[in-house]
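Look at the model below and follow the chain as the text goes along. The explanation takes the helix pairs and the sheet in turn.

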Amino acid sequence: MLRVSELTTDFNASETIPIGFHDIMRALPPDLKMTRNAAEQYFKLLSDDQTRILQKIGESGGGTYKIDLQKASQAICTATVESIVQERFGSKSFRIFKTLLIKKHLEQKQVEEFALIPAKEAKELLYKLFAEHIVTVQEIPRTPDHAPSRTFYLFTVNISQVSRMMLERCYKTLANLMSRRDYETKENRRLIEKAQRVEAITKSLQSHGADPTQTAEIEDMITAPEKLQLEQYKRKMAKLEQSELQVDGTIFILSNYIQQEGNR
């Protein structure tokens, strides 16, 4: 559906244009060999899903469908945020976070009960999440004087607010990774330049049909400790670049969701 609609749907659109069932079937790869009955079952499963990303909006010609891009962006962003919370704070904190996402507003005692975590531990984890601005508190006073003893304190998760905070942290992380990459390159610059010169000379000799012993002599200009240092540098750079790619992916997901939120 995304392939079919990518040329007709505006980049900033909140949903795709409606697409008929037969048009979707014709666009499927032939080697998929999907029957009409199987496709109808898949569409029913997707349209009945609680995320409501795929929506059936008509019955004619086997049905007309559209993709809610805002809901899709929100679902992907929420899954990303959940993954970050679980990785950073652990499975029990993630359970509290997920409980608040589902239940929307809960008192501390209710969080303990729904998350199935002992009271003392749940309180510590909940307030740690609060201190990190992952969860927020909404005060509901029962009396005009706002006395703490007569006020409900409801914990909740504002996924938009959390996404903005995590996006800011991602930018800082990316900046740190880039700075570290520049530092490692600067620290090993002399050795890197030496290795590049040796490689260039070796290739030049090989292109002119030089004897293997000559090229081996040139390659031996880099000592064993230097080769080890180069390998360590390359491994560090590979890890840093991989981390940068992962952070870039997270930034794209979070910023896309925030942009979609702003277009509402």
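Helix 9 and helix 10 are roughly antiparallel to each other, a label given to angles over 145 degrees, whereas angles under 35 degrees count as roughly parallel, 65 to 115 as roughly perpendicular and the rest as oblique. Their axes cross at roughly 175 degrees and come within 9 Å. Helix 9 covers residues 189-207, and helix 10 covers residues 212-219. On the helix 9 side the contact is made by Val198, Ile201, Thr202, Leu205 and Gln206, and on the helix 10 side by Gln214, Thr215, Ile218 and Glu219. By class, this contact has four nonpolar, four polar and one charged residues.

Some terms need their cut-offs. Helices (H or I, at least four residues) and strands (E, at least two) are DSSP runs, numbered from the N terminus. Axes are lines fitted to C-alpha atoms, for helices over the stretch in contact, and angles run from 0 to 180 degrees between N-to-C directions. Contact means heavy atoms within 4.5 Å. Ala, Val, Leu, Ile, Met, Phe, Trp, Tyr, Cys and Pro count as nonpolar, Asp, Glu, Lys and Arg as charged, and the others, Gly among them, as polar.

The model is a predicted one, in which local features need pLDDT of at least 70 and side-chain atom pairs count only at pLDDT 80 or more, while totals for chains, interfaces and linings use all residues. Residues are numbered from 1 along each chain as its sequence is written, and side-chain values use heavy atoms, with hydrogens and water left out.

Another helix pair is helix 5 (residues 91-103) and helix 6 (residues 108-115), which pack at an angle of about 110 degrees with their axes 10 Å apart. That angle makes helix 5 roughly perpendicular to helix 6. Arg95, Ile96, Thr99, Leu100 and Lys103 of helix 5 make the contact with Val111, Phe114 and Ala115 of helix 6. These residues divide into five nonpolar, one polar and two charged.

Helix 4 (residues 69-89) and helix 8 (residues 159-187) have axes that come within 11 Å and cross at roughly 65 degrees. Helix 4 brings Gln74, Cys77, Thr78, Val81, Ile84, Val85 and Arg88 to this contact, where they meet Ile159, Val162, Ser163, Met166 and Arg169 in helix 8. By class, the contact has seven nonpolar, three polar and two charged residues.

Three strands form an open sheet in the order 1-3-2, with antiparallel pairing; two strands pair if DSSP finds at least two bridges between them. Strand 1 (19-20) and strand 2 (54-58) are the edge strands, and each pairs on one side only. Two bridges join strand 1 to strand 3 (residues 64-67), and isoleucine 19 stands opposite tyrosine 65 in strand 3. Four bridges join strand 2 to strand 3, where leucine 54 has isoleucine 67 as its bridge partner. Strand 2 and strand 3 form a hairpin with five residues between them, and glycine 61 in the turn has a positive phi of about 60 degrees.
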